[in-house]
Amino acid sequence: MDIAFITTLILAVPVALLANMVAERATLVAEYHGRMVTKDDGTLSAFLVDPEHSGAGWAQPNPYGEFTLRVKHSEVGFPLTAQRRLLPIRADINVFVHPNRTTAHAMAEGEPERVAIADYLVQRGDAQLLQAWEGGSQERQRTWLAVVMNILLWWVALYVAASVVIGAARIVWAFMIRRKRVRDTKYKQMGRCVSCGYDLRGLEFTARCPECGALV
Ligand SMILES: [Zn+2]
């Protein structure tokens, strides 16, 4: 059995697991745009708007601000995603402090903007969006097929790499052997020591080279 075949298979498991730990990335799953208005009682009311209508004018009175919710997954595993988890939403809000002037900030716990958005999401009944808003999920969803596929893909990649390195080493080795043979033949024909190139012509027959001691 090919040694590279077995070695790379054994290596593929820790390499795939290591890739799982280091290759963590956040991917955008969905993006929502919303608006907030000030109600008559002074509290805020939040609602989402369709992307097609986000550029349209405000039909509602007392505009307070606009916000964007970005739902992201934390994904690990390379080349395939083997685990994913819902990340907490970081909402960006533009509050219309003054006409033609906006401020952007992320909402903190208990802020009226946060409460207004939470109320809206509860009404809306979007479980994933609400969970992301409430702080994401610590629970990782694993895809075992991807875990196994990653190990196989790493194995193939490592095996190909090892084969290329071993193949190149064999070519270099064969070239060096060949070059040594050519040189040995040349030295022999010239009457020189094959080992050090010392000129043996005119010397009496000796078993060893007087210069380096190699067998002649
Ligand atoms: Zn010699």
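User: Strands (E, at least two residues) and helices (H or I, at least four) are DSSP runs, numbered from the N terminus. Between which strands is the loop with Pro79?

Analyst: The model is predicted: local features need pLDDT of at least 70, side-chain atom pairs count only at pLDDT 80 or more, and totals for chains, interfaces and linings use all residues. Numbering runs from 1 along each chain as its sequence is written. The loop with Pro79 lies between strand 3 (63-76) and strand 4 (83-86).

User: What is omega for the peptide bond from Phe78 to Pro79?

Analyst: Most peptide bonds are trans. The one from Phe78 to Pro79 is cis. Its omega is near 5 degrees.

User: Is Asn62 buried, partly exposed or exposed?

Analyst: Asn62 sits in the loop between strand 2 (44-49) and strand 3. Its phi is positive, near 55 degrees. The burial classes count other C-beta atoms, placed from the backbone, within 10 Å of the residue's own: 20 or more is buried, 12 or fewer exposed, in between partly exposed. Asn62 has 13 such atoms within 10 Å, so Asn62 is partly exposed.

User: Which residue is the bridge partner of Gly34 in strand 3?

Analyst: Strands pair if DSSP finds at least two bridges between them. Strand 1 (residues 25-38) and strand 3 pair antiparallel, over twelve bridges. In strand 3, the partner of Gly34 is Phe67.

User: What phi does Gly77 take in the hairpin of strand 3 and strand 4?

Analyst: Strand 3 and strand 4 run antiparallel, joined by four bridges. The hairpin has six residues between the strands. Gly77 takes a positive phi there, near 110 degrees.
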